[in-house]
Amino acid sequence: MELGVALPTSGANASPAAIAQVAQGAERIGLATVWTFERWLRPAEPDMLGVGPMPLPEHNATVYDPLETLSYVAAVTSRIRLGTSVLDTLFHSPVGLARRLATLDRLSGGRLLVGLGQGWMTQEFVAAGVPTARRGAGFQEHLEAMRAVWGPDPVRFDGRFYRIPEAEIGPKPVTAGGPPLLAGAAAPAAVERAARLGLGLAQVMFAWEMLRDTLEAFRRAAEAAGHDPGTMPVVVQVNGPVTTRPLDEREPLTGAVEQVAGDLAELRALGVDHVFWLMADTPPDEQLHALERLLARHAS
């Protein structure tokens, strides 16, 4: 199981210098990946589709674009892999997003991992000019259209939501068929869809029982669709810090190195391939120091 860290792309700690510091530091200490996320805006009254009001942390008011950030990071690193968790797929055209991802994959020498989501906030759909009804079938078709763009020329796609006239479209990704893809999915239907489409799974860590149930459902659905679950990576995102001192009250996979190391054993037993931490309120040097100690403990 590999470890990674989210880049400081949001809030008070976000800056080009901090992004480069964390990316280069993560590569130096031996972390496997760095990650970005997409947030278009922080509404005055955020609304989660089908749920209602959903408060957003203050650091979501300023968020660097994920792909431009990773292009910058690709230029100042050489080995560490570059991940998105996640892109709001439906807010982009399939041709435009596929070309941007292929370009980044080329610029980074094939280091890209792509987490894709459907979007969940009403106001972002409004700002993007995309109907919320496009979720589900539209997400699947968007993915099919991007894969067509990454395939051999001439490219042509005729779908319900998206059409691509016959054309040559490049560049192509480093690996035939495109970079590894993960689906950010929480609802049962979305988890089943990700498994059916042969995608990996990106999860935010909330509770052990929830994660365990989701992974069991994902793997059952993958097998039912004829896929080998062992080839479909699972990435877990932790929204919280690794600290220098123990915490009396803590969420899973947060707290002191010794506390988190115990949680990693349980996570490994669940067959998780990768875990990374988003520590928006922790200064970059403190993030790297704590993760270096955790990595040493994890490797021993």
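This is a predicted model: local features need pLDDT of at least 70, side-chain atom pairs count only at pLDDT 80 or more; totals for chains, interfaces and linings use all residues.
Which residues of α1 are buried?

Figure 1. Helix α1 comprises residues 16-29. Its buried residues are Ala18, Ile19, Ala20, Val22, Ala23, Gly25, Ala26, Glu27 and Ile29. After α1 comes Gly30, with a positive phi near 100°.

**Figure 2. Helix α8.** Helix α8 is formed by residues 257-269, 13 residues in total. From the first C-alpha to the last, α8 reaches 19 Å, which is close to the 18 Å expected at 1.5 Å a residue. Buried in α8 are Val257, Gln259, Val260, Ala261, Asp263, Leu264 and Leu267. Gly271 follows α8, and the phi of Gly271 is positive, near 80°.

**Figure 3. The largest cavity.** How many cavities of 30 Å³ or more are there? The count comes to two, and the largest holds about 80 Å³ of space. Its lining consists of Ala6, Leu7, Pro8, Thr9, Ser10, Asn13, Phe37, Leu278, Met279, Ala280, Thr282 and Gln287. Sorted by class, the lining of the largest cavity contains seven nonpolar residues, five polar residues and no charged residues.

**Figure 4. The second largest cavity.** The volume of the second largest cavity is about 50 Å³. The residues that line this cavity are Ala6, Leu7, Thr9, Trp35, Thr36, Phe37, Ser85, Gln237, Phe276 and Leu278. At least two lining residues come from each of β2 and β14 (274-278). The classes represented in the lining of the second largest cavity are six nonpolar and four polar residues, with no charged residues.

**Figure 5. The salt bridge between Glu124 and Arg39**. Side chains of opposite charge can pair when their charged atoms come close. The whole structure contains eleven salt bridges. In the one between Glu124 and Arg39, the closest N and O atoms are 3.1 Å apart. Glu124 belongs to helix α4 (residues 122-128), whereas Arg39 is in the loop between β2 and β3 (47-48), so this pair ties together parts that are 85 residues apart in sequence. Are Glu124 and Arg39 buried or exposed? Both residues are buried.

**Figure 6. The salt bridge between Asp158 and Arg156**. The closest N and O atoms of Asp158 and Arg156 are 3.1 Å apart. Asp158 is partly exposed because its relative accessibility is 46%. Arg156 has a relative accessible area of 48% and is therefore also partly exposed.

**Figure 7. The salt bridge between Arg196 and Glu192 in helix α6**. The closest N and O atoms of this pair are 3.4 Å apart. Arg196 and Glu192 are four residues apart in helix α6 (residues 188-196), so about one helical turn separates them. An α-helix has 3.6 residues a turn, so residues three or four places apart point the same way. With a relative accessible area of 34%, Arg196 is partly exposed. Glu192 is partly exposed at 36%. Elsewhere, salt bridges with shared partners join Asp65, Glu68 and Arg100 into one network.

Figure 8. Where is Ser108 found? Ser108 is located in the loop between α3 (94-107) and β6 (112-117). Its relative accessibility is 6%, and Ser108 therefore counts as buried, the limit being under 20%. Apart from neighbours within four places in sequence, Ser108 is in contact with Ala74 and Leu82.

**Figure 9. The surroundings of Leu143.** Leu143 is part of helix α5 (residues 137-150). Leu143 counts as buried because its relative accessibility is 2%. Which residues are in contact with Leu143, leaving aside its neighbours within four places in sequence? They are Leu116, Leu181, Leu197 and Leu199. Thr89 is 54 residues from Leu143 along the chain, and the C-alpha atoms of these two residues are separated by 8.5 Å.

Definitions and conventions
Residues are numbered from 1 along each chain as its sequence is written. Side-chain values use heavy atoms; hydrogens and water are left out. The expected span of a helix is 1.5 Å times one less than its number of residues. Buried means under 20% relative accessible area, exposed over 50%, partly exposed in between (1.4 Å probe, protein chains only). On a 1 Å grid over the protein atoms alone, a cavity is a set of points where a 1.4 Å probe fits but cannot get out, and a pocket is an open set with protein on both sides within 12 Å along at least five of seven lines; lining residues have an atom within 4 Å of a point. Grid points are joined across faces, edges and corners, and a volume is the space filled by probe spheres set on the points. Ala, Val, Leu, Ile, Met, Phe, Trp, Tyr, Cys and Pro count as nonpolar, Asp, Glu, Lys and Arg as charged, and the others, Gly among them, as polar. A salt bridge is a side-chain nitrogen of Lys or Arg within 4 Å of a carboxyl oxygen of Asp or Glu. Contact means heavy atoms within 4.5 Å.
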